Structures are given as C-alpha cells and as structure tokens.
Amino acid sequence: MTKHDPDAIAHIHEELHSHLPSEPALRVKALESLLVEKGLLDSSAVDAWIDVYSEEIGPKTGARIVARAWVDPDFKARLLDDAKAALKELDLDGNHLKAVENTDTIHNLVVCTLCSCYPLWLLGIPPNWYKTAAYRSRAVRDPRGVLEEFGVALADDIPIRVWDSTAELRYLVVPQRPQGTEDWDEKRLAKLVTRNSMIGTERDLSRHIAEAR
Amino acid sequence: MDGIHDLGGRQGFGPVDVHEPEEPFHAPWEGRVLGMVRAMTRPTDWNIDWFRNCRELIEPVDYLTRPYYDQWLQAYAAMLANSGFATVEELASGKATSRPDGLPTPMSAADVTKAKQAPRNFQREIDRAPAFAPGDTVRAISHGNAGHTRLPAYARGRRGWIESYHGAHVFPDASARGDERAEPLYTVGFAATELWPDARGGQDHVFLDLWESYLERI
C-alpha cells in the first residue's frame, strides 16, 4: 500500500538529491539495473516502448487529421464539435480531445502551465520547449511575445485563445489551409502540417508549399 | 500546493528556445526513462495525479534545472522508495538487496503492442447534476488546495465564464491522495485582462479546464 503523503515524498527527494549519482545517465542506468534485478522490469519492453515513441507515434497522425478536415468540411465540423466521434471514423482515439480551429479572426495556442500535458498519441513526444519554464510561464501571460519568438507576426486585432491543459482534456489546433493548395490531395496536404502548427506556435503554413510538392 | 511547478504567468524565465533538434529524445537515457515508466511493474495504487504531485515536490532548484526526463526519474525513484519497492541505497547503487514478493512477470516486448492501445478514460458517472451551465459567470476560488491541485495560482479569485461542460472527471486533488472520486469538469474562459490587467492583447482569452469545487457562482 502506498501512503500518499507529500511530506514523505519531499523528504525522500532530499535524500535522493544527496545520494543518487550526479549524472542523469548513471542515475537511469542504476534504476534500470535495479528494476530488472528486482523482477519489476524487462529491458526488452523498454526497447519496444522506445521504438513506439521514436518510430510509430508522431505528428504525422495529427497531420492526417488536419488534412482530412481541410478536404472534408463535414468532417471538420464533426471534429470541432465532437472529436471523439470524428476520430473514430479514422480509427483513432479521440477521447478527451478538443480540436480548435484557427481562422482569419482567431488564433489558438496550447500550453500546460502546471506540467507537460500534450496530445502525445497524435503528435508524438512534445518538443523540449513545450516543457520549459519559459514557455509554460509566458504562453498564458505573453502569448504574443512567445509567438513572435516563433516567427509568428500576429495582427493586433486577431484575438488569441490560449488553452491551458489543466485537466485530462487535450487540445489539437487545426491550422488554416494555405492558399494555392486547392487542387492538392489529402496525402500531399498532410505534408504541409507541422507539429508546431498543431500546437499553435506556427500559423502560416504556405512557406512549406515548395517542400511539400 | 503553491509549488515551483505552478509557472503560469511567472516572469523572468526569458525567451523560449525555439531551435532544438527534432528528435524525440536528446540523449539515449531519456528514451530509457520513458520506456521504463511505461514498462515497469508498479503498485496498483499509483495514478497520474500521484505522479504529478511527486514531480511537483522535487526540490525547486532541481525542478528548474534538471532535464525533463531526469525529473521523471527523480519522481519515480521517490515513488518507488515511498511505496517500499526500493530503498534510497538501492536506487543509488543499482543493486537489489531484496525483491518484492508476489508480483506478476513484468511487461514483455510483446505486451507493449497491446498496452499502447489501452484507451485512457478519466470520465466517470456520478449521480448529481452539474451546478453550472455554459454561459454562467463564475469565479475561481481564492485559495488552492494545499496538496496536489490543478487550479493554477494565476486564475485564483478571477472571474470567468463556463465555456463548456465535460461530464464528471476524476478529481485530481483527491486522486493524488489515493481517493478516486469524480466531479463535474468545465472549460472556463477568462479574459486575458482579467488575469493580467497589463495584457497586450485586449481581446485575448485564456481557457482552463476546472473542476466544480474550484469554482463559485457570482
């Protein structure tokens, strides 16, 4: 039985701080050896998970959703209204997902100020900046400044909606489809959709048109 | 808790480093931490909220300076020690002096295929109606829970409106103490200028997902 006691954890953190090896790689090695020796871990399962996160899960899943929304307005309407039902059509899990759409008059930005909540199963491992104190502290208070650092010049009259992921809901930004892609098929459109555009730190995807041809 | 993790609106952290490698892991050990966390046998009374609480309790200097997955390692090491699965000495040396009894065989590589498809669901049925409806004006309570809580300091005491209702979700403040119960969950909108009078975008809004007991009617 676990005693869910924050004071006990704070005390253990102090002890760990003093006793664990100083290098992260050594701390990790010690933990893995220990868990294997205790019969709590099979290292081949760790390898398998690393493959899953490195090879299988990534922003291409989110890009597929966005491309479908661009070519199928009815799907987009369903996605924005009930992402769970819409993603079922693509054989994807959309439970607790909220899709929010960028338009000419709205920009959306996603953050988790309290930890690192992120739609990992659709976008892969979050970028390091998403987990930094700089992004977490400023995305809610100075979103325009943050966007400028990402090279997004947002007109003052376009309101920003910042979504702070404080519960188990996860947010997916549906960026705007760039002009000049009217005759593109879904697969090609998906190549335009960047990870950052689905977090909201990129807005205009037209600069990727040349590379997606 | 008013911990170092509650970063929304804090100042002085400087620009965001927007240039970083695209690779999911920046060192091999980062992937191994994530893989271990997914694969290890754990006490059945751990949950996501207890983990978040244990991460929040990392010493502030470590919280702000250690790489992300190193913080995960630190949190899980503390949880293992707290639950009696390992001692601090064992965690430091990597050598076991005892083995927990009666635990199942750990997850194998073959099990990962199934585990990765396990759906996540935090919604629960409860036998009472939500107190608020979309459009209602609300105020976030002024004092957060002393333990784990998901009401950020920057929203406390601020006035917003119910944007949408999501049914009842597991309540983190209780769940982090090992007590699973559910409460109505809402997305609550706040004007940026209500949160920060000096906000640059006068029409900007910040939305948070907040449980019913974090809110009061006004």
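Biologist: Where is the place of Ile9(A) in chain A?

Modeller: Ile9(A) sits in helix α1 (residues 6-19) of chain A. Helices (H or I, at least four residues) and strands (E, at least two) are DSSP runs, numbered from the N terminus. This is a predicted model, where local features need pLDDT of at least 70, side-chain atom pairs count only at pLDDT 80 or more, and totals for chains, interfaces and linings use all residues. Residues are numbered from 1 along each chain as its sequence is written, chains are lettered from A and ligands numbered from 1 in the order in which they are written, and side-chain values use heavy atoms, with hydrogens and water left out.

Biologist: Is Ile9(A) buried or exposed?

Modeller: Buried means under 20% relative accessible area, exposed over 50%, and partly exposed in between (1.4 Å probe, protein chains only). Ile9(A) has a relative accessible area of 0%, so it is buried.

Biologist: Which residues is Ile9(A) in contact with, leaving aside its neighbours within four places in sequence?

Modeller: Contact means heavy atoms within 4.5 Å. With those neighbours left out, Ile9(A) is in contact with Trp50(B), Cys54(B), Leu57(B), Ala78(B), Met79(B) and Asn82(B).

Biologist: How do I read a pair of packed helices?

Modeller: Two packed helices are described by the angle between their axes and the distance between the axes. Axes are lines fitted to C-alpha atoms, for helices over the stretch in contact, and angles run from 0 to 180 degrees between N-to-C directions. Take helix α2 (residues 48-56) and helix α4 (residues 68-82) of chain B: they pack at about 110 degrees, with axes 9 Å apart. Angles under 35 degrees count as roughly parallel, over 145 as roughly antiparallel, 65 to 115 as roughly perpendicular and the rest as oblique. Therefore α2(B) and α4(B) are roughly perpendicular to each other.

Biologist: Which residues make the contact of α2(B) and α4(B)?

Modeller: α2(B) brings Trp50(B), Phe51(B), Cys54(B) and Arg55(B). From α4(B) come Tyr68(B), Gln71(B), Trp72(B), Ala75(B), Tyr76(B), Met79(B) and Asn82(B).

Biologist: What about helix α3 of chain A?

Modeller: Helix α3(A) covers residues 43-56, which is 14 residues. From first C-alpha to last, α3(A) reaches 19 Å, close to the 20 Å expected at 1.5 Å a residue. That expected span is 1.5 Å times one less than the number of residues.

Biologist: Which residues of α3(A) are buried?

Modeller: They are Ala45(A), Val46(A), Ala48(A), Trp49(A), Ile50(A), Val52(A) and Tyr53(A). Their cover includes α2 (24-37) and α7 (120-123) of chain A, together with α1 (28-39) and α6 (109-115) of chain B.

Biologist: How do α3(A) and α1(B) cross?

Modeller: Their axes come within 8 Å and cross at roughly 115 degrees. That makes α3(A) roughly perpendicular to α1(B).

Biologist: How should I read a positive phi?

Modeller: Most residues other than glycine have a negative phi. Asp91(A) has a positive phi, near 60 degrees, and is not a glycine. Asp91(A) lies in the loop between α6 (83-88) and β1 (97-101) of chain A. His96(A) is found in the loop between α6 and β1 of chain A. The phi of His96(A) is positive too, about 65 degrees, although His96(A) is not a glycine.

Biologist: Is Asp91(A) buried or exposed?

Modeller: Asp91(A) counts as exposed, at 72% relative accessibility. His96(A), at 8%, counts as buried.

Biologist: How many helices and strands has chain A?

Modeller: Chain A has 12 helices and four strands. Of its 213 residues, 60% are buried.
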